[in-house]
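Open the model in a viewer and keep the selection panel at hand.

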Amino acid sequence: MLCFAVVLAGMLGGWWLRLQTPSTTPVSFSAPFVFGRFIIPQDNPLTVESIALGRRLFYDPKLSGNNQVSCATCHKQHLAFTDGLPHSIGVSGNPLPFNSMSLANLLWGPQLLFWNGRASSLEEQALQPIEHVDEMAQDLSLLLEELASDAVYHKMFAEAYGNVSLDAIAKALANFQRTLVSANSKYDQYLRGELNLSELEEQGRRLFMAHPDTKVSLRGGNCIDCHSQFLTGGFNTAFDGFNNNGLDDDATLAAGLAEVTGLDAHKGMFKTPTLRNIAVTAPYMHDGRFNTLEEVLAHYNGGIKRSSTLSPLILEADNVAQHQEDKISLNLTKQEERAIIAFLHTLTDKEFLTDERFSNPFTAKKDAP
Amino acid sequence: MTSKSIKAMVASVTVGMLFILIGCSKVTQTTETVTTQTKSPSNSEETQGIVLLSGLPTLGTKDSIAILEMDPESPQFGDILYEYELPKYDAPLHHLYYSPNGRLYATGLGTQCSLAEVLLSRDAQGAPSINDVTCLDTQGQSVGEDIMWHTVNGKPHMFVTFMGGTGLDQVDAGSVGVFDPQSNELIKIIEARKSMVGEGQPYIMYPHGISAFGDRMVVTSSVHPNLTDGVGNAITVIDLNTLEPIENIVTEDAKPVGYPSSPVEVLFVRPSIVEGVEPAVLVNTMFGFETWKIPYNESDKSFGTPVKLYDGASAGTGVPLEFYGNQNELFISHGLPGVVKRYSLTDLPELVSSGADIQAEAGAHHMIFYKTASGKDVIAIQNNLLNLGNAADEDPTDVDFIAKLNHHSLTVHDLATGERLGEINIKERYNKGIDNIEALFGSGFVHHH
């Protein structure tokens with residue numbers, strides 16, 4: 001009898017689970033080979049329903065405590081999902097410690113998100129800004145009530161994940177962000193052989209790709225040493241991609257990755273961001289201290305400050321035969337700086353910046369498929 | 001391609017080799033290279049190879065491009081992870097090459113598709129896939145072999161050797177195609193057949209290997225694609241300023257099997273490969289069994305007298321084929337008996353052994369380098385010369401002397417010890433021949449050229 005009860009309970013349990021699991025539509029798409037392998041979490045497959053839900057949540061100010069701030073407030077599509085401010089401003093009106101990061105090609109990596117790597121997945125990241133007192137200041141239990149009482153959301157959650165839950169909110173936001181694929185910049189078209197770069201852009205490309213080596217007369221901008229994943233969302237391996245790029249000396253060095261790991265060796269190290277659409281994501285660096293790409297190049301070309309965790313790749317790149325102990329600089333000419341900036345402009349993907357599929361569903365003329 | 005005369009020629013090559021091998025002494029033993037093991041790579045695709053497979057008519061299989069798991073530590077070792085069936089061309093695709101921008105190309109041994117671009121993509125699960133294989137317009141050039149991307153006067157070009165030149169019926173066929181590397185459009189055909197140029201004038205004939213340094217390019221003169229009309233014994237120097245041949249240099253000595261030396265692959269050793277090196281050209285001779293060095297004076301752009309660095313006839317090896325390099329070593333494959341010899345990179349252009357031969361199988365040819373999941377540095381060797389022949393011979397991979405050079409396998413070896421860690425026999429497992437292997441993300445910085 002006991003056996004029968006156990007079997008019956010198991011059968012009922014399976015039936016109940018099937019009832020709770022909605023029938024979803026897998027997304028079919030192709031992506032550039034050269035971006036590398038991407039991994040989609042097994043417990044959060046990309047589905048039409050979850051992406052539609054994530055898109056609506058991303059643009060909905062209901063997710064904030066005062067119903068005025070959405071994810072899109074700090075991540076505007078036309079700015080490659082940044083906000084143009086040195087420090088983003090949320091519900092509290094207090095400037096946040098960090099500059100808003102671009103959301104592009106997050107499908108490829110990164111394993112650690114935020115400037116200091118404090119989230120280890122898009123799902124883990126998703127709820128943090130919603131709860132944060134300065135960002136969206138939303139009580140999560142109240143948010144659940146609010147969404148559950150909304151007929152549209154009730155239906156969308158049911159179709160995507162079965163019911164309204166924090167887990168489903170995080171997963172839906174993560175999935176929408178995974179669809180933000182940028183793959184049609186001038187440089188992408190160049191890689192596909194569809195066009196040629198201008199002479200200046202080509203010079204910049206070569207400088208970007210080269211670590212300087214005076215022994216073989218190779219001048220280099222040394223960019224690729226840290227930005228090897230510049231086409232995607234960053235490195236997908238642990239702490240790879242976190243660097244101290246010489247913004248501050250030891251006295252003023254920010255915690256950076258050390259805030260997460262507690263290791264002094266990680267002090268001053270911040271996540272190397274994607275360079276996709278970099279021309280439209282000013283201001284630059286984790287604290288938005290540089291307003292223009294010219295200022296960024298000037299930093300690497302003479303503005304580097306020494307500190308205990310400064311990247312050794314920066315220390316040794318100087319484009320001169322006799323290593324200069326007193327000064328850290330790439331010693332690029334002004335013309336070479338212009339060439340690198342010209343190349344960086346080829347990374348702008350106008351299609352991505354205006355793609356209807358990524359736009360605000362509350363104001364979009366039509367919903368993209 | 002399977003005429004009696006071919007068989008006679010190749011049979012004599014094989015017999016000659018057997019004599020040589022019977023009389024051979026022990027291979028040279030030197031200190032083994034010890035490689036530091038590092039943490040396993042995070043990208044599982046780094047252990048995957050992309051291969052060209054030939055269908056065998058009698059076994060009912062078709063030509064394809066496949067992605068194989070090459071990590072002997074993986075339970076999927078040897079599995080085809082993805083396969084793209086190719087159309088039936090008049091000869092198999094022969095060699096895969098990645099361009100500097102990551103585009104994948106293939107040369108082909110026939111006339112219908114002697115050069116192609118393979119359009120790689122990723123599906124919704126992130127797995128690699130092939131969208132299309134586009135045969136490029138070579139304006140009649142056939143039997144594509146090697147590709148090299150090289151910048152001439154600031155402008156990048158794609159150079160392709162065509163052993164069949166502009167007509168397989170030409171007994172002195174051969175050309176080098178110059179292509180726009182962005183649009184794939186043909187810019188120029190460099191052709192200088194012996195019958196076209198005056199006596200003693202530089203010619204291009206059956207070009208196969210290709211390498212370049214600065215404004216000088218070298219191509220080899222190997223063998224007519226039909227294996228009957230002629231065999232070369234020289235390399236050709238091309239002035240890249242004018243795209244014209246300017247000199248032939250003979251690399252031939254003992255003729256161990258009675259045929260001209262048939263230079264096959266060539267490597268212009270240069271500072272970008274070895275810092276501070278005195279430039280020189282290394283040449284493998286397929287029927288001479290030798291490796292030659294031709295010194296190059298960069299200041300006056302003159303080539304010196306060829307010097308024989310390695311004599312396979314006396315050392316017990318034959319059919320030297322490919323040059324490959326990693327960060328520390330240069331590797332040369334020898335089809336018979338099937339070994340890969342290894343040399344110190346920093347000692348180039350001299351051939352100073354850096355370790356014992358890697359014992360592969362007959363037909364040792366192309367190779368790739370990668371790390372296993374546990375971080376072990378390994379080399380995978382394709383043991384197969386060519387999948388030629390035709391259906392009339394019942395089994396196209398088991399005719400001629402080529403059969404003696406076709407083990408149909410991939411063997412994986414520990415780079416530190418040479419120990420064989422695994423073997424995949426493509427014919428036994430998949431009823432296909434294997435023509436080429438390339439690492440899914442490219443094989444290394446020297447890679448042939």
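In which helix is Ile341(A) found? Select α13 of chain A, residues 334–345, and Ile341(A) is there. Helices here are DSSP runs of H or I with at least four residues, strands are runs of E with at least two, and both are numbered from the N terminus. This is a predicted model, in which local features need pLDDT of at least 70 and side-chain atom pairs count only at pLDDT 80 or more, while totals for chains, interfaces and linings use all residues. Residues are numbered from 1 along each chain as its sequence is written, and chains are lettered from A and ligands numbered from 1 in the order in which they are written.

Stay on Ile341(A) and show its surroundings. Ile341(A) is partly exposed because 19 other C-beta atoms lie within 10 Å; a residue is buried with 20 or more such atoms, exposed with 12 or fewer, and partly exposed in between, with C-beta atoms placed from the backbone. Leaving aside residues up to four places away in sequence, Ile341(A) touches Gly204(A), Leu293(A), Glu294(A) and Leu297(A). Contact is taken as C-beta atoms, placed from the backbone, within 7 Å.

Next, select α6 of chain A, residues 151–160. Its buried residues are Met156(A), Phe157(A) and Ala160(A). These cover an arc of only 100 degrees around the axis, so they sit on the same side of α6(A); the arc is that of the directions from the helix axis to the C-beta atoms. The buried residues of α6(A) pack against α2 (48–59) and α7 (166–178) of chain A. On the face turned away from the buried side are the exposed residues Ala151(A) and Lys155(A). After α6(A) comes Gly162(A), with a positive phi near 105 degrees.

Now colour chain A by domain. The assignment, which is automatic or from a database, gives domain 1 as 39–181 and domain 2 as 186–351. The contact between them takes 22 residues from domain 1 of chain A and 30 residues from domain 2 of chain A. On the domain 1 side, 11 residues are nonpolar, 10 are polar and one is charged. Here Ala, Val, Leu, Ile, Met, Phe, Trp, Tyr, Cys and Pro count as nonpolar, Asp, Glu, Lys and Arg as charged, and the others, Gly among them, as polar. The C-alpha centres of the two domains lie 29 Å apart.

Move to the contact between chains A and B. It takes 21 residues from chain A and 20 residues from chain B. The chain A side divides into 12 nonpolar, seven polar and two charged residues. Select β1 (31–32) of chain A and β6 (115–122) of chain B, which pair in the antiparallel sense over two bridges; pairing requires at least two DSSP bridges between two strands. Ala31(A) has Arg122(B) as its bridge partner in β6(B).

Finish in chain B, which has three helices and 29 strands. Of its 449 residues, 55% are buried. Where is the open sheet of four strands? Select β12, β13, β14 and β15 of chain B, which form it in that order with antiparallel pairing. The edge strands, each pairing on one side only, are β12 (207–213) and β15 (244–250). Five bridges join β12(B) to β13(B), residues 216–221, and Ser211(B) stands opposite Val218(B) in β13(B).

Terms used. Two residues are in contact if their C-beta atoms, placed from the backbone, lie within 7 Å.
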